[in-house]
Amino acid sequence: MPVEPLSRQQIEDRLAELPGWSLDGGRLTRSYRLASHFAATAMVVHIAQVQEELDHHSDLTLGYNTVALSVHTHSAGGAVTEKDLGLARRVEDLAPGHGAH
């Protein structure tokens, strides 16, 4: 089933429910700061597990004590879709368990 791109207004309305997430260059993005490199690495592994479960993957960057995500849907021509917002919601829900802010 094809995934439909969302309008800018739909994206902005949904981002109101995802503090810290933004639309940047046609992608949803978010960065998190953690207490240590080990904590950041653990969060990356957890995000990777969620992405495999959803079969939807972001660009994921691990820094010393940071994790950054950037996501859009390739099958929708690089647009933002419900799949991206669903992944963002799942990551936002798991972040506090890693002490991310």
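## The nonpolar core

The largest nonpolar core in this predicted model has 25 residues, and the ones touching the most other members are Trp-21, Leu-28, Tyr-32, Leu-34, Met-43, Val-67 and Val-91. A nonpolar core here is a set of buried Ala, Val, Leu, Ile, Met, Phe, Trp, Tyr and Cys residues joined through side-chain atoms within 4.5 Å. Buried means under 20% relative accessible area, exposed means over 50%, and partly exposed is in between, using a 1.4 Å probe and protein chains only. Helix H1 (8–15), strand S2 (27–33), helix H2 (37–54), strand S4 (66–71) and helix H3 (82–94) each put in at least two residues. H2 gives the largest share, with six. In soluble globular proteins, nonpolar side chains tend to be buried together.

Tyr-32 is a handy place to look around. Skipping neighbours within four places in sequence, Tyr-32 is in contact with Trp-21, Met-43, Asn-65, Thr-66, Val-67, Leu-69, Val-91, Glu-92, Ala-95, Ala-100 and His-101. Contact means heavy atoms within 4.5 Å.

## Fold and overall shape

Three helices and four strands make up the secondary structure of the protein chain, in the order α-β-β-α-β-β-α along the sequence. These are DSSP runs numbered from the N terminus: helices are H or I with at least four residues, strands are E with at least two. Of the contacts with a separation of 6 or more, 66% are between residues 24 or more positions apart.

The C-alpha trace spans about 40 × 25 × 20 Å along its principal axes. The radius of gyration is 13 Å, which agrees with the value near 13 Å for a compact globule of 101 residues. That radius is taken over C-alpha atoms, and the globule rule is 2.2 Å times the number of residues to the power 0.38.

## Surface and charge

Buried residues account for 41% of the 101 in the chain. The chain exposes about 5,600 Å², with carbon and sulfur atoms supplying 54% of that. The areas come from the Shrake-Rupley method with a 1.4 Å probe; for residues, only the protein chains shown count as cover.

As for charge, there are 8 positive and 13 negative ones, and their mean positions are 5 Å apart. Lys and Arg count as positive and Asp and Glu as negative, leaving out His and the chain ends. Each charge is placed at NZ of Lys, CZ of Arg, CG of Asp or CD of Glu.

Leu-87 is in helix H3 and counts as buried because its relative accessibility is 1%. Leaving aside neighbours within four places in sequence, Leu-87 is in contact with Val-50, Gln-51, Leu-54, His-56, Ser-58 and Val-71. Val-50 is 37 residues away along the chain, with 7.9 Å between the two C-alpha atoms.

Now for some residues with more surface on show. Asp-55 sits in the loop between H2 and strand S3 (59–62) and is exposed at 57%. Its phi is near 55 degrees, a positive value in a non-glycine residue. Most residues other than glycine have a negative phi. Ser-75, in the loop between S4 and H3, is exposed at 61%; its C-alpha is 9.1 Å from that of Glu-4, 71 residues away in sequence. Asp-13 in helix H1 is partly exposed at 45%.

## Reading the numbers

Residues are numbered from 1 along each chain as its sequence is written, and side-chain values use heavy atoms, without hydrogens or water. Local features need pLDDT of at least 70 and side-chain atom pairs count only at pLDDT 80 or more, while totals for chains, interfaces and linings use all residues.
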